[in-house]
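Please examine the assembly shown below. The paragraphs that follow lead through one of its chains, an interface and several salt bridges.

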Amino acid sequence: MRQKIPISVSIVIGVGIIVLLGYFIKFPVLAVMQQILLQWALTLAAVALLVGAINLLNVHFRRVSGRQKNSSYSLILILSLLFTFALGALFGPKSAWSLWVFNHIQVPVESSLMGLLAVVLAFASVRMLRRQLNLFSLVFLATALVMLLGAAPVLGIEIPGLHGPDGLRALIAQVPAVAGARGILIGIGLGTIATGLRVLMGADRPYGG
Amino acid sequence: MSLADLSLVDLIGALVSFGLTLMVFSYVFGDNALFRLAIHLFIGVSAGYAAIVAFYNVVWPQLLIPLVFGPQAERLYVLVPLVLAGLLFFKVTPRFSALGNPTAAYLVGVGMASAVGGAVVGTIYPQVFASANLFDLQAAPQAGRLLYFVKSVAILLGTLTTLIYFYFGVQKSPGGAPEKGWIGPLTWIGQVFIAITFGAIFAGVYSAALMAFIERVYFIGDILLPLIFTP
Amino acid sequence: MGEIRCPMCGKPNPDELDVCQYCEARLKPLIGPFEPADTHEPGEGKGDSVTDWLDSLREHEGGELFEAEEEISEGEEGADESPEWPAEVASEEAGIPDWLAGLGKSLQEEGETLPEAEVGAEQDAGPFRMGDLGEAEKAGEEQDFWTAIAPQEESEPAEQLPSSGEEIPDWLQGFGESEPAAQVESDQVAQTEPGEVPDWLAELEETAGLETSTDALEVEPELEEIDWEALQPDQVDLEAEQESPPVSEDLPAAAPFTLDEEEAGLEIGEMPEWLAEVSEESSAEEAPLLEEVDASLTPAELPGWLEAMRPVETAAPVAPFIEESEGIESRGPLAGLRGVLPIEPEITHLEKPTAYAIKLQISDNEREHASLFEELVLKEGVPAPVEKGIAISPQNILRVVIFLLLFLAVGWPIYIGSQSVDLPLPSREVNQTSQLIDSVMVSEPVLLAVDYEPGFSGEMDAASASIVDHLMIRGAYLALVSTTPTGPAQAERLIKTVNNTAGHAYLDASQYANFGYVSGGPAGLLSFAQAPRGVIRYGLNGEPVWEAAPLADIQTLADFAYIVVITDRPETARVWIEQVQPTLRDTEMILVVSAQAEPLVRPYYEGLPQQVGGLVTGVAGGAAYENGMPRTILARKYWDAFSYGLTLAVIFILAGSIFNTLAGILAKRKYTFKDQK
């Protein structure tokens with residue numbers, strides 16, 4: 001029985017096979033085709049970023065025109081986006097004006113948000129054991145404490161056996177943490193292969209096909 | 001840093017940064033309008049800057065310059081990405097969103113193939129090889145071979161039990177009965193190694209966040225202290 | 001043209017018809033006097049109580065009856081309307097039922113006559129199909145049969161018909177006990193002598209609601225005077241019958257042929273009062289309903305039967321009409337009898353269909369429940385007003401306290417300018433990194449991938465500043481690239497920071513080049529690794545970057561001296577390792593990662609063969625790297641604050657864990673104690 005394969009699925013399978021084979025088969029023609037497809041994908045990824053910015057503008061513009069709640073914040077977002085884009089378009093993204101906006105607006109706000117995370121994490125870790133008290137949470141907590149204490153001297157004092165290249169912190173980082181991380185990495189790799197092959201065979205269609 | 005050493009533009013920038021930092025830190029006392037204002041401003045600036053970098057650095061030189069100034073061959077070369085890029089813009093409209101599916105499919109196909117190839121070539125093969133090479137005695141230091149061997153056993157055990165937990169232990173419900181037989185104790189050991197790894201990750205996350213906090217506090221100090229202690 | 005009145009429906013028909021044009025009943029009997037299936041000759045079957053008396057009546061009056069038939073036939077000659085069947089009947093020597101014969105005998109004895117002709121008629125037409133007797137035909141008037149054969153109204157109830165030595169059948173005796181029903185008055189009822197009506201006949205008359213007349217029972221005068229048309233059953237209006245309610249339960253169980261005294265005065269065709277009242281009520285009910293329906297629309301002309309089926313909005317629950325099987329038959333030869341099967345098929349009985357209301361009939365209790373349910377459903381869509389909690393909750397206070405303590409812990413070293421905490425000793429991986437960078441020659445191109453977010457600037461600047469300083473000290477040509485859109489700006493910021501803090505003067509184009517942004521994630525990196533010139537055509541500001549001398553020989557990333565990746569995320573580091581590292585031949589890759597990425601990146605460094613040649617993690621790694629450098633950049637500046645901040649965080653976690661654990665244990669004990677109680 002003939003089954004219609006959508007165009008999108010055909011594209012996925014076609015380009016996916018060429019790119020994937022280029023990893024394992026060293027063939028000049030295949031390498032050239034792979035390179036062409038990769039460069040086109042690189043360009044289209046940048047276009048996708050532009051589409052995302054346009055969509056963001058669209059969403060917030062609708063909020064402003066619809067006079068929804070908190071639409072004034074959306075107006076600020078729209079104005080700041082357009083202003084930054086215009087500045088970069090006129091003077092270049094490496095210009096002093098663009099870098100001024102980047103250095104004095106984006107960096108401070110994002111750094112402050114990360115700094116808030118320290119307060120929130122401390123608050124959360126204070127209440128950590130209230131939720132769940134079992135062996136694994138105790139191991140988790142103990143490891144975190146050892147790693148934190150071993151990262152820097154405690155009140156300026158280095159504890160022998162904890163700090164230093166041969167200390168407990170280094171040992172935990174080099175042996176059990178590596179073991180667990182290696183298992184996680186291999187697991188991630190296997191999962192990536194499974195998911196990727198499903199998409200390349202057309203079983204999963206996250207692109208709306 | 002001294003405020004007096006700053007130019008007017010930099011002084012204004014410093015004051016803007018200072019104000020925004022305080023506005024974000026006001027979240028400690030609860031959600032408020034100043035915090036939201038700062039966040040929306042930040043989102044707009046970051047999206048705008050990302051868009052201009054993408055256009056300036058990729059779209060303009062890769063797509064438009066060859067189309068406008070390039071030779072015939074180069075124009076033909078960019079015809080396909082140009083058409084696909086045009087179709088991708090239809091994703092903005094819900095009505096004609098389906099027209100952008102071929103381009104999305106192209107991106108997904110290339111991305112997935114790259115991910116699969118990289119996982120095989122860059123992670124699975126080398127890491128499995130590394131696990132096997134743990135017992136390469138030639139690589140072991142002369143002194144402390146026993147310790148090296150013990151470490152290697154521990155690393156191998158941890159790697160295997162972690163994988164066993166992911167593929168046999170996680171399938172069960174979180175609070176369900178443990179696996180019977182020899183799989184059960186192994187998944188339990190794997191959970192211990194995973195707990196240690198996540199504990200290390202948590203410590204690293206807190207360290208990074210604390211450093212960001214310290215950097216901001218330093219910045220505030222750089223602004224305020226000269227004002228307080230100006231001779 | 002003469003008319004024959006149908007014995008079944010009572011409607012007039014032309015006399016030439018044999019069957020009624022309305023109900024298709026026979027107008028003229030096919031055979032002579034009525035005989036049952038096992039009929040016998042007159043005089044026979046004297047053991048049969050039903051027919052014996054009728055036969056005996058015939059024996060007595062046989063001649064007279066035939067004479068009457070002759071007279072009838074004579075009368076028929078002069079009148080078109082005269083039925084033919086009496087002559088047919090008369091010509092036949094069909095036996096008449098005994099009971100009818102006996103009836104004639106008794107009538108004769110009582111002065112009543114019974115025309116045998118009609119008795120011997122067909123069952124369906126019946127002997128009751130009196131047809132047009134001479135006088136009635138002339139008169140052209142209807143005459144009720146019963147009035148023709150029954151005594152006068154005022155006459156005393158006749159005695160029971162004495163049988164010819166036989167006892168009166170029980171079923172016939174029962175007739176006399178019934179109460180009178182409808183009463184019909186006939187103008188030309190053949191009168192009998194008062195007091196001459198037999199009792200049983202009087203009772204029957206009461207039941208049938210017919211006025212009896214003894215005169216009708218006389219044979220000879222009856223035959224002349226009886227207007228056979230008039231003797232037809234009452235011509236009841238069909239519609240009236242349809243609208244009439246079911247037969248009243250008060251109807252007598254027996255005794256047809258009796259009249260209700262109150263209704264004795266009714267004319268033929270005139271509806272009794274009770275029937276008229278019911279029809280008025282039903283029409284009154286329908287009228288307002290019809291008016292409501294027709295208020296908005298032009299009423300369509302619906303046939304009556306359809307109109308009757310119209311559902312109504314409200315209607316009292318009506319029990320479905322149950323035809324009284326015990327009702328008194330009002331027409332036909334069995335008129336007056338109770339519990340007989342209907343002669344007419346039920347389909348011809350057009351009754352008003354039961355009215356079903358289209359509006360749901362619900363009780364008050366059900367209405368109340370429905371309104372409660374509706375209220376519940378509506379409430380679900382409306383968010384209940386949430387009581388605003390206390391603005392200052394213990395959690396808020398704790399968070400503010402933590403913030404203030406942290407601020408003090410890290411701010412105090414800043415305020416006092418403390419740099420007393422010792423920098424950590426370089427670890428194995430830091431030493432290895434330092435050794436690698438030490439091998440960089442002047443103007444050797446080193447690819448510096450700045451792939452961290454602005455939020456991690458504090459940590460990553462502190463971790464990488466010393467390495468960049470080291471590269472600058474070595475005189476390497478730095479090629480800056482990034483896979484994040486903010487990376488190029490971050491790279492510029494990093495160069496500027498190192499320049500400012502370390503006193504370098506790395507200027508654009510001659511000492512470093514900013515390649516800008518490489519999009520596409522893994523695909524873009526692979527393409528960049530295989531053909532960097534194809535991916536990066538111009539620099540961040542559009543300047544031609546590949547024209548710089550150190551980059552002249554660069555065809556792939558493997559042509560760079562080192563690849564230094566500075567990133568905050570383990571995923572970015574993994575992508576660089578997976579996509580770029582396999583393409584590097586002898587070029588080493590050095591990673592400068594955040595502390596949060598270290599656990600997932602270290603396996604690449606610890607494995608054999610190493611995929612990563614050097615690893616510097618977080619502020620501690622940067623501080624350790626600075627410890628081996630001739631000058632300190634940023635890590636030294638933050639190290640004291642970092643040490644105090646980390647200590648305070650550990651104190652928070654320990655204190656909170658101990659407190660919550662104890663609180664949990666105490667709460668559990670309390671709970672268990674309460675359960676035991």
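What share of the contacts in chain B with a separation of 6 or more comes from residues 24 or more positions apart? With contact meaning heavy atoms within 4.5 Å, the share is 34%. The model is a predicted one, in which local features need pLDDT of at least 70 and side-chain atom pairs count only at pLDDT 80 or more, while totals for chains, interfaces and linings use all residues. Residues are numbered from 1 along each chain as its sequence is written, chains are lettered from A and ligands numbered from 1 in the order in which they are written, and side-chain values use heavy atoms, with hydrogens and water left out.

Chain B contains seven helices and zero strands, where helices (H or I, at least four residues) and strands (E, at least two) are DSSP runs numbered from the N terminus. Of the 231 residues in chain B, 49% are buried; buried means under 20% relative accessible area, exposed over 50%, and partly exposed in between (1.4 Å probe, protein chains only). A salt bridge, defined as a side-chain nitrogen of Lys or Arg within 4 Å of a carboxyl oxygen of Asp or Glu, joins B:R36 to B:D31 at 3.1 Å, N to O. B:R36 is partly exposed at 30%, and B:D31 is partly exposed at 46%.

The interface of chain A and chain C brings 53 residues of chain A into contact with 67 residues of chain C. The area buried between these chains is about 5100 Å², 69% of it from carbon and sulfur atoms; this is the accessible area (1.4 Å probe) that two parts lose on being put together, summed over both. Three salt bridges cross the interface of chain A and chain C. In a salt bridge between A:R169 and C:E598, the closest N and O atoms are 3.6 Å apart. Among the elements that give two or more residues to the side of chain A that touches chain C are α2 (28-65) and α4 (96-126) of chain A, and α4(A) gives the most, with 14 residues.

A:R169 and C:E598 also belong to a network of salt bridges that includes C:R428, C:E429, C:R602 and C:E606. Within chain C, C:R569 forms a salt bridge with C:E453, with the closest N and O atoms 3.8 Å apart. C:R569 lies in the loop between β6 (562-567) and α20 (570-579) of chain C, and C:E453 in the loop between β3 (445-451) and α16 (457-474), so the pair ties together parts that are 116 residues apart in sequence. Over all chains, the search finds 21 salt bridges.
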